[in-house]
Every structure is written in C-alpha cells, then in structure tokens.
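Try each task before you read its solution.

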Amino acid sequence: MSNERSPLEFFWRLPSSGDIGHAGRGASLRRDWSPAARPAQASFIRDARDGHFDYYDYLAQVARGAELTGFHGLSIGDETSGEEPWIVASVLAAHARTLKILPSFSSAFATAVYAAKMSVSFQRFSHGRLGWHVETATDAETRRKQGDFIDAADIPARTEEFLTVAKGVWTETAFQYQGRFFGVENGGFAPPLAGQPWPEIHLSGQSDTELALSARHADVHLFAGQPIEVIRDSTTALDALARQEGRTVRHGIALRLLGRDSGDEAGTDAARQAARGAPDPDIIGSHGEIADRLAAYVDAGITRFVLTGNQHLEDVYRIGEHVLPAVHAHATARARSAA
Amino acid sequence: MTIDIYWRLPTHGESSTFRKRPPNRGDWSSLAPGNQAPGVKDGEPDGFTYVDYLAEVARAAELSGFYGGLIPSFPMTDDPWVIAPWLARATKSFRFMIAFQPGFLNPIQAARMSASLQRASGGRLVYNIITGGGGPQQLWWGDAVGHDDRYGRTGEFLDVLKGVWKERSFSHQGKFYQVENGGLEAPLSHADLPEIYFSGSSDAALVTAAKHADYYLSWLEPFDQLRTKFAKVKERTEALGRKNRCAIRVDVIARPTEEEAWGEVKKAFESLSGDARAQFSNWRGGDSVGAQRQGALGAENARRYEDLIVAPNLWAGFSLLRGGPALGIVGDYAQVAEKLDELITLGADGFILAGTPHLEEAYRVGEEVLPLLRGRAALPQGVAAE
C-alpha cells in the first residue's frame, strides 16, 4: 500500500516508429508482426500467424504492460516516421481502459475547433482520460515538410491562440474569436458534447517565452532530461511565472532509461543497443541506481515522469516492477516528513 | 463490376423507433431507465459510453453483409476520426467511411492519420469528402471560406494528400497549402490510398469530383434529376481521362408488407410536433446546393404523410424525422430491392443505406433485402442497360 499517498505519476512513452528488440540481428527489427515486416522463419516451422497480426498488436502489449505494472498513462510522440499519434491514441484508449492517453501534436495539425471537436468525443468515450502535448518542431525544414511555413518566432503565439480558441468552444456558447491563425463565430458545443473535462495540457521548452506560455496555459510542463541543477532553476522560474498568473503548473520530465539487475549487465546491453543505432539512454544502470536518480528529480520538484526505453515490452515491465515502487516510496516519505 | 453497399453509424444518438421520440440510445436526452450507452444500473450511470453502441451497429452491419458504414460528421455528432480507430480492432471486415471536411485538417497530418488507420484496420479506411453547407454552421466550425473557394480548397487538399502519399519528396505552392519536400515515410508510405467518395451538387463540386472522386456520392433525388446529374458527372470525369462511379445515400423503410411499411411512416409523421419541422432547418442560410434540392421537395409544408409520396415507394418526408436527405424508399422487401435495382440500372454503383434503429435495421435490410438484389440483371429482355 506504499503508493497510497505518492504525489507522483508515471507515463510510458510508446515506440511510435519501432523497437530495437533484442538488438541481436543484423537487419533492422521493428517488432512489426505483420507478415511483410517480421523476421523470416524456415518454412518447415508451422507459422499460425498468417496475416492476423501487425504493429498495433505490439503497441497494445506495451500499453497493457504499462497498465499492469502501475503506470498512470501513455505518451505518444509525434515522430515523422512513426504511427500517427491520434490514431494510436484512439486504438489504445479502447484497449487500455484505465490509462491516461497523451498524444503529441503541433498546433498546425488541424483547426483549433476541429481539434476540440475530436477531443470532446475522445473524452466522452474514454471517461475523460485525454491529455494534449502540444509541441511544434522548431526547425523550419521539418515544419515545411509538414506544410507549416510560419516563422519559428510565431510558434508560441499560434499555440496560445490554438489553446484559447479550443478552450473557448469547449467551455462557452456563442464564442467569438478572430485571431491571426484561428477564428470562430458563434462557436461552442451543445450537450451532450458540452461539459466534458478539458484535456490535461502539456507544454514543453526551455525559453522564457515557453515557460511564460506554460504559466498561462499548461497543467504540466515537460522538461527534457537535464542535470538536476538546471531542472531546479527552471522549475523555480516556472513556479514564479505561474504564481503571477494565479495558477499552478506540474513539473514533468522525459527520460530514456536502460535498467538491469546490475550496472554491468546494463552496460553490456547499452553497448549492444548503441551498435544497432538505438537512441542513447539518459540513465544507464541498475534498477536501484535508476531509482536513486529519479528520486533526486523528485527532490528537485518533479512529480510527473514520462519514461521510455529502447526495448519497450521488456522495459515497461522492468521499470514498472523494479523502479517505480522505490521512487513512489521516496516521494511518499518525503511528503510525510514535509507535512 | 462490383457494387459496394454501406450502412451508416448514427453518430448523434438515436431512438429505438423510427417514430419521433427522445433518443434513448446515447446521451442526447436525459439519462433515464431504458437508455443505453450510457444506461442506468442500480441507480447509477452504468459506465458504458456511446461508442459502445456504435461498436454494436458496426458489428451488426458487417455480420449482415454490408461492406462498411458511413460515419457522419456534424456539429452535434461524435467525431469519425476518433470513432473509426476506436472500433478498428473490434471489427473484422467493416470499412470505415469517414466523413470529413478537408478545410479542418492539415493535409499532411491527414495523410499520416489515414496511413496509420489503414495499418491499424487492415486497409479498411474510406473517405467521404464533404465540403460543408456554408452559412452560420460553417462559421461555427471556424471556417469563413466561401462556397466555391471551399471546393477549390478541397481539390488542393486532395492534390497535396495524394502528393505526399505517392512521392517521397513532394513540394507544392498553392492558394491554400504549401509543402516543401514532404512525403510519407516507410512503412506508412506502403499503405493503400483510401477510396474517395465525394459529395457535392454544385458546379464547383462537380469540377473537383471529376478530378478526384472514385465514387461521386449523391443523396437520393427524383430519378430523372439523378440520371441527369450522374450523366453530367461521368461526362466531366471522362473529359479528364478518368472514370468514376456513382453512389447514392438513401434511407429505407422495408417491412414484410407494404402496409406495414407505410404504417411506420404514418405513425412517425403523426408523432411530429410543430417544432420538429423547424428543428431540421439546420441548413437555413447555408450555401449547399444539395440541401436546396432536397428542400424543394416541400417536406415542411405537408399536412398528411401521403402528400409526400412523390412516386411509388418513394417518400419525401424523411428530413422531418431526422436531419439529412428528404427522399427515401418505403415498401415491402421486394419493392425496396426493386427500387435499388432501378437505381443500379440508372447508374448507381454503390449505396449508403440507413434505417432507424440502425442496429436492428442492419439485420433486417441485410437479411431480407440484400439477397433480393439482382442489379442490372433485373432488366427485362431487350431493354438497354443505360
């Protein structure tokens, strides 16, 4: 029962564009179990799979692993070579019925009204489990491939308008707005679409403008994995800005982990994965060492963790079973002694 | 030559009867015993949501032989882009015909959503491209673009979507969209482009349809009007060196006897209050040509249900009972099948059928009407096909 009073929430970020698996094969392996993608097998071994399985079956297993091992939610990143986040979000919301679902998307993906409209149905069907992670690539080349030609300097303003218009039609009737990027006349949802819980808004970024935007609009600000001192300074700055707005913003951090029973095993597997071109983890070590590092982030003010790994099915179980309990215990003890 | 017959998902709730009653399926009326999705159990909401009922309608449709179902999109409905993936893993063969207005989605994101949904569903996504009715409703969506420009935007949207789908480095500079070196990446790029059903009755619509539609979709209209419309569409399409097919969206009331079918209509018509007629004028002030054509059938002014029988087995009062097209088919199973065969002969290569309640009527139409269809073979000897 030691998770009772923990203030922490853990999300798992899913593998939108594949998974390195056991890192042992020469060819790139995605754990896409559809016939065209999966590893070939000698024909004398009877394979019952036929055309029955695909990548979404793998995503469902990772999602259920997060659910079984005590994670609070799923984060779905917006990767150019990956599955599209809204589709993954709906498929998995239907499958993992107790998890929060957090798709990432840019404020250029749809009109603010349409994003709100889609989200209202999502909230209705999921009993209010939707979060929004609104993030837009800053480099112009990536954005232009996505049909987004505004100046990087205009991104925060467009995100702000997007959130303002979406919230307006969500909560008001006869909502009027004319902005640079979005407009609406006499907007607003009627029952039963009205009255749904507003999504949990996640924003990220390091600049003063982005922190100020979070102070005005975010429920959670997600920091990238950075040294403790940097996190401490940033959260202090964010809290001051949020206080000026009369709001509180939760502090989150996104971290890629590689944990094993011992530091040596972790090191061996890290090298194996690096040789296969997997992204570098932020923390490599024994489960105990990882728990200690996460506890340090808790001490620096973090209460929401978005964790991921390179071998998702196995890692969600490892982290869920061997890391989360210790970090919850640390936070609970800390909260108790502060009380 | 094949004919695809779709059903419809009722995305704004429905009643268990065609008669005008508060919709007890879904939460478009107050929660009370007898409601479902959500319903009441032991005095509390039972935890089901409307998508649970939509799942049952989709399963009923696929079991009964329908190719898939139209998922409509309006201000008062749940959203098709959420419904379809939600039901993808709970259905086996059901094609998701998502209705959407291109102006609301970034075309590159729409391509990614579509490719992922193809992967999640085993290739079962179909588009119903709609371009909006204009007027206050369009502004409600946040869209101030005028009628002909909206169709221009639809055409450009489809150019860009197809461009990033088929090419790995696609660029475009247009009136509404810009893209530089865009393109779906593998493995999404391996997914099939969805079939495109295209709606719109105006000249601007026909221009865009001729270039992009796989199926030109129309509501049921008096047969001569429809024949003319289809001929015009095919002429324009062939002028571009393309071929397309035509499909018809039509509600049906099919019963074991004609008497029972008209009995349903009579009870439904008599259950209407005066307010109900006004309620479905939601395209007042709009610029939809199709809606104007349906409006000309005069449903709002009828005093008896018989006034709206425009031809044998054709009734023009459906719009009074729910939003949408006025004209639909009423008859016994053989008569309804015969009307559909007539429409096939007239030029229809596909249908989107519907009836209320959508769950039970999927079974009824699937079991009793679809097996009677003979298509163009229904013609008497010596009569030309078109």
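Axes are lines fitted to C-alpha atoms, for helices over the stretch in contact, and angles run from 0 to 180 degrees between N-to-C directions. This is a predicted model, in which local features need pLDDT of at least 70, side-chain atom pairs count only at pLDDT 80 or more, and totals for chains, interfaces and linings use all residues. Residues are numbered from 1 along each chain as its sequence is written, chains are lettered from A in the order in which they are written, and side-chain values use heavy atoms, with hydrogens and water left out.

**Exercise 1.** Find the angle and axis distance at which helix α9 and helix α11 of chain A pack.

Solution: 
- Locate α9 (residues 287-299) and α11 (residues 324-338) in chain A; helices are DSSP runs of H or I, at least four residues, numbered from the N terminus.
- Their axes lie 9 Å apart, at an angle of about 30 degrees.
- Now look for contact (heavy atoms within 4.5 Å): α9(A) contributes A:A291, A:L294, A:A295, A:V298 and A:D299, and α11(A) contributes A:A326, A:V327, A:H330, A:A331 and A:R334.

**Exercise 2.** Decide whether B:R119 is buried or exposed, and find its side-chain partner in chain A.

Solution: 
- Start in helix α3 of chain B (residues 107-121), where B:R119 lies.
- Its relative accessibility is 17%, so B:R119 counts as buried (under 20%; exposed is over 50%, with a 1.4 Å probe and protein chains only).
- The side chains of B:R119 and A:E83 are joined by a polar contact of 2.6 Å (a pair of N or O atoms within 3.5 Å, one able to donate a hydrogen and the other to accept it).

Terms used
Helix = DSSP H or I, 4+ residues; strand = E, 2+ residues; numbered from the N terminus.
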